[in-house]
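Subject: Structure for your files

Hello,

My notes on it follow below.

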Amino acid sequence: MKLFLLRIFTWWNGFTFGTQFWTWRFGELVGTDEMGNRYYRTKGGKIDPTLGIERRWVIYNGYAEATKVSPDWHGWLHHSVDVPPTEEHYTPREWQKPHRPNLTGTPAAYRPSGSTLASGQRPSATGDYQAWTPGS
C-alpha cells in the first residue's frame, strides 16, 4: 500500500503512475545509460505542436536526481545534440573526467579542512581576527 501511495503522490522516488501511463502511451525508448536511467522521446520523433520540437524525458533509476544524467545524455535531452548517444559512438575527450553524481548532503560530500563536519582535529584560531563593534 505504501508503494502504491508513493507512486501517486511523489515524483522524486521514481516515476508516478501518470508518467508511467504517458510513457507507455506516447513514449519510445531511446536508450539507457550506465546508471540505469532510461531515456524516451515521443513515438517516431513526432513534433509536439505546443513545443515545436519533439519531447524528450528521462525516467531515473531510483531517486530522481538531475546530476545522475551523464553529459552525453544531457546534450540530447536539452536538444543540443540531435542524435542520441546510442546512435553514435560517443568518446569523451582526454580532459573530461568521468561522471560523478552530486554528493552534497551525503557522507561522501566534500568537507574542507576547518569545517565543523570534517573529520580530524580542527585547527585552533590564530588570533588575527578583530571583532567589529558598532559605533567604533
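Is Met 1 buried or exposed? Met 1 is exposed, as its relative accessible area is 74%; buried means under 20%, exposed over 50% and partly exposed in between, with a 1.4 Å probe and protein chains only.

Before the rest, two notes on the source. This is a predicted model, in which local features need pLDDT of at least 70 and side-chain atom pairs count only at pLDDT 80 or more, while totals for chains, interfaces and linings use all residues. Residues are numbered from 1 along each chain as its sequence is written, and side-chain values use heavy atoms, leaving out hydrogens and water.

The surface patch

Met 1 sits in the segment before α1. Together with Phe 4, Leu 5, Ile 8, Phe 9 and Phe 17, Met 1 makes a nonpolar surface patch of about 650 Å². Patch residues have over 30% relative accessible area and no salt bridge; like charges are joined within 9 Å, and nonpolar side chains (Val, Leu, Ile, Met, Phe, Trp, Tyr) within 5 Å. Areas come from the Shrake-Rupley method with a 1.4 Å probe, and for residues only the protein chains shown count as cover. Helix α1 (residues 2-9) supplies the largest share of the patch, four residues. Helices (H or I, at least four residues) and strands (E, at least two) are DSSP runs numbered from the N terminus.

The core

The largest nonpolar core has seven residues: Val 30, Tyr 39, Val 58, Val 69, Trp 73, Trp 76 and Leu 77. Helix α3 (residues 71-77) gives the most to this core, three residues. Such a core is a set of buried Ala, Val, Leu, Ile, Met, Phe, Trp, Tyr and Cys residues joined through side-chain atoms within 4.5 Å. Leaving aside residues up to four places away in sequence, Val 30 touches Tyr 39, Tyr 40, Arg 41, Trp 73, Trp 76, Pro 84 and Thr 86, a contact being heavy atoms within 4.5 Å.

Two further buried residues

Thr 23, in helix α2 (residues 17-26), is buried at 7% relative accessible area. Not counting residues up to four places away in sequence, Thr 23 touches Tyr 40, Trp 57 and Ile 59.

Ser 70 lies in the loop between β3 (56-59) and α3 and is buried, with a relative accessible area of 2%. The side chains of Ser 70 and Asp 72 are joined by a polar contact of 2.5 Å. That term covers a pair of N or O atoms within 3.5 Å; within protein, one must be able to donate a hydrogen and the other to accept it, and residues adjacent in sequence count only if both atoms are side-chain atoms.

Salt bridges

How many salt bridges does the structure hold? There are two, each a side-chain nitrogen of Lys or Arg within 4 Å of a carboxyl oxygen of Asp or Glu.

Glu 28 pairs with Arg 41, with the closest N and O atoms 2.8 Å apart. This pair links distant parts of the chain, 13 residues apart: Glu 28 is in strand β1 (residues 27-32) and Arg 41 in strand β2 (residues 38-42). Glu 28 is partly exposed at 25%, whereas Arg 41 is buried at 18%.

Glu 54 and Arg 56 form a salt bridge at 2.7 Å, N to O. Glu 54 is buried at 9%, and Arg 56 is buried at 14%.

Regards
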